[in-house]
Amino acid sequence: MQNNAPASPLAPEWLAVPEDLNALHAPMWAEGVRRNDDGELAIDGVPVSELKAQFGTPLFVMSEGDFRARARSFKHAFDEAFEDICGGVDVYYAGKSFLCTAVAAWVAEEGLRLDTCSGGELAVAARAGIDGAHLGLHGNNKSDAEINRALDMKLGRIVVDSLDELERVAKIASGRGETAKVMLRLTPGVHAHTHEFIATAHEDQKFGLSMAGDTTESAGLSAAEEAVAAATLYSNVELLGLHCHIGSQIFEPDGFALAAEKLLRFLAAMQAKYSIVLPELDLGGGYGIAYTPVDTPRPPAEIAQAMAAVVRSTCAGLGITPPRISIEPGRAIVGTSTFTLYEVGTLKTVRVDAPAGAGAKENVTFPRRYVSVDGGMSDNARPVLYDADYSAILASRASGAAPELSRVVGKHCESGDIVVRDVYLPEDVAAGDLLAVPGTGAYCWALSSNYNYLARPGVVAVRNGSARLIVRGETEEDLLNRDMGVANV
């Protein structure tokens with residue numbers, strides 16, 4: 001169906017009226033998601049009404065095949081691009097984006113390694129049977145218990161975030177009579193074109209060891225160099241190399257290239273000055289995905305070739321043996337694999353002032369419709385945390401109705417409880433309809449909460465026409481189990 005309706009003056013400039021409200025913008029959806037002959041959204045042949053009937057809503061719906069295909073794509077693309085440089089790449093799936101035992105197992109089966117950020121994520125990896133040598137542990141404030149667990153599991157790397165932490169890791173390893181394999185996380189001072197809260201390589205933030213000079217009491221040494229020097233003196237630390245991560249949801253390639261070049265130059269300088277070999281370099285992740293129709297993610301092969309060109313030329317210019325490269329994609333693997341299914345509840349339309357323009361001398365009021373769903377900020381905190389934009393479609397049926405500018409909101413007691421800030425939906429959307437919000441695989445379930453005592457949704461994996469729970473949705477009994485009750489006086 002073709003829609004020729006004009007855009008609402010209340011809509012952001014990037015949001016165009018879709019030509020067809022029933023169409024799916026492919027970059028935002030997993031392979032296998034399409035409308036069936038009845039006009040209903042289906043994933044690998046399973047219609048959303050069936051998922052709703054079996055598992056309820058809200059519900060995270062994941063394509064296992066899509067997740068696996070994206071994981072394989074990163075591994076293949078980077079191995080191919082770096083084969084002549086360092087024999088391939090170690091791809092660590094960033095578990096913080098979304099992790100459960102099933103996903104951890106898929107990661108291992110597809111030849112990837114797993115990056116964790118806490119003892120809890122290590123526990124998931126252990127339950128999934130992941131080889132400790134294929135695990136990494138991040139975090140700016142690791143507890144002694146987490147460091148000990150990493151050593152218990154014989155982790156392949158502990159990514160150290162500060163001078164204090166390096167000393168603690170060395171002390172704990174020494175007390176155990178063991179050697180800790182360590183990488184140093186550096187902040188190269190590269191500006192990433194992303195939201196302030198997910199840009200992680202500039203100086204004024206909590207992560208990493210600064211590469212800027214005169215930042216510690218050791219005059220003339222950066223914190224990064226002081227850490228390298230200290231690590232060479234600890235007999236119970238094996239310094240594997242360097243790590244950086246410039247941020248998340250990044251589309252522009254220049255930041256990745258600049259960070260790689262700066263770290264390689266620093267690596268070469270440290271090897272020469274301290275007569276050491278640093279065999280590994282982790283260039284992090286942060287590759288963007290499509291949340292809206294205007295987002296333009298790059299394919300893994302394009303990312304890999306661009307990064308390989310920088311590493312190849314920089315190492316040649318420095319006259320050094322290229323280190324083994326590793327990367328940490330998370331969102332780029334899991335984000336698009338999943339959509340969230342909601343049921344529509346109440347609707348209302350308000351009148352909002354729009355600025356004068358297009359011949360109008362005064363402000364004019366225009367309608368905006370609020371569409372409430374049965375979830376919200378408890379299952380997707382990113383809009384309120386990062387001003388993140390999402391899209392949505394009517395999933396339970398096709399519609400020939402005209403487009404209406406809508407705001408999809410949750411059921412929480414917060415005015416900021418917005419799921420999709422601006423989207424065109426059919427004007428006949430009504431209570432009981434199902435909406436699907438794509439691109440919710442990363443940092444939605446992982447950031448979910450029990451605000452207002454809502455139970456967190458389940459996660460369903462669909463493959464070859466069959467759906468199964470991989471994370472059970474919570475019940476009210478789950479919520480009350482930790483409540484210790486009224487104390488007897």
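Which residues in α5 meet which residues in α6? Let's start there, and keep in mind that everything I show today comes from a predicted model.

On the α5 side, the residues are Asp 144, Ile 147, Asn 148, Leu 151 and Asp 152. Their partners in α6 are Arg 168, Val 169, Ile 172, Ala 173 and Arg 176. If you sort the residues of this contact by class, you get five nonpolar, one polar and four charged. Now look at how the two helices sit. α6 covers residues 163-176, its axis is 10 Å from that of α5, and the packing angle is about 55°. Because of that angle, α5 counts as oblique to α6. The crossing of this pair is right-handed.

Lys 154 sits between α5 (144-152) and β8 (157-160). Lys 154 has a positive phi, about 55°, although it is not a glycine.

On to another pair, α2 and α9. How do their axes cross? Helix α2 takes in residues 64-86 and helix α9 takes in residues 300-318; the two axes come within 9 Å and cross at roughly 25°. That angle is under 35 degrees, so α2 is roughly parallel to α9. Here too we have a right-handed crossing, as α2 passes α9.

From α2 they include Phe 74, Phe 78, Phe 82 and Ile 85. From α9 they include Ile 303, Met 307, Val 311 and Arg 312. By class, the contact of α2 with α9 has 13 nonpolar residues, two polar ones and two charged ones.

Helix α7 runs over residues 223-233 and helix α8 over residues 254-274; their axes are 11 Å apart and the angle is about 40°. That angle is why α7 is described as oblique to α8. The handedness of the crossing of α7 and α8 is right-handed. In α7, look for Ala 224, Glu 225, Val 228 and Ala 229, which meet Phe 266, Met 270, Lys 273 and Tyr 274 in α8. Six of the residues in this contact are nonpolar, none are polar and two are charged.

How many cavities of 30 Å³ or more does a search of the whole structure find? There are four. The largest cavity holds about 110 Å³ of space. Its lining has 13 residues, and those nearest the centre are Gly 286, Glu 328, Gly 330, Arg 331 and Tyr 443. By class, that lining has five nonpolar, five polar and three charged residues.

The second largest cavity has a volume of about 50 Å³. And here is Ile 303 again, lining this cavity together with Ile 250, Phe 251, Phe 256, Tyr 287, Gly 288, Pro 297 and Arg 298. The lining of the second largest cavity divides into six nonpolar residues, one polar and one charged.

There are pockets to look at too, and I've picked the second largest pocket, with a volume of about 440 Å³. What lies nearest its centre? You'll find Pro 18, His 25, Met 28, Pro 293 and Ser 391 there, out of 27 lining residues. The elements giving two or more residues to this lining are β16 (393-394) and β18 (418-426). Of these, β18 gives the most, with five residues. Sorted by class, the pocket lining has 21 nonpolar, three polar and three charged residues.

One last stop, in the backbone. Is the peptide bond from Thr 57 to Pro 58 cis or trans? The bond is cis, with omega near -5°. To find the spot on your screen, go to the loop between α1 (48-55) and β4 (59-63), where Pro 58 lies.

Begin with the right-handed crossing of α5 and α6, then visit the roughly parallel pair, α2 and α9.

Conventions: Residues are numbered from 1 along each chain as its sequence is written. This is a predicted model: local features need pLDDT of at least 70, side-chain atom pairs count only at pLDDT 80 or more; totals for chains, interfaces and linings use all residues. Side-chain values use heavy atoms; hydrogens and water are left out. Axes are lines fitted to C-alpha atoms, for helices over the stretch in contact, and angles run from 0 to 180 degrees between N-to-C directions. Helices (H or I, at least four residues) and strands (E, at least two) are DSSP runs, numbered from the N terminus. Angles under 35 degrees count as roughly parallel, over 145 as roughly antiparallel, 65 to 115 as roughly perpendicular and the rest as oblique. A crossing is left-handed if the near helix is turned anticlockwise from the far one by less than a right angle, and right-handed if clockwise. Contact means heavy atoms within 4.5 Å. Ala, Val, Leu, Ile, Met, Phe, Trp, Tyr, Cys and Pro count as nonpolar, Asp, Glu, Lys and Arg as charged, and the others, Gly among them, as polar. On a 1 Å grid over the protein atoms alone, a cavity is a set of points where a 1.4 Å probe fits but cannot get out, and a pocket is an open set with protein on both sides within 12 Å along at least five of seven lines; lining residues have an atom within 4 Å of a point. Grid points are joined across faces, edges and corners, and a volume is the space filled by probe spheres set on the points.
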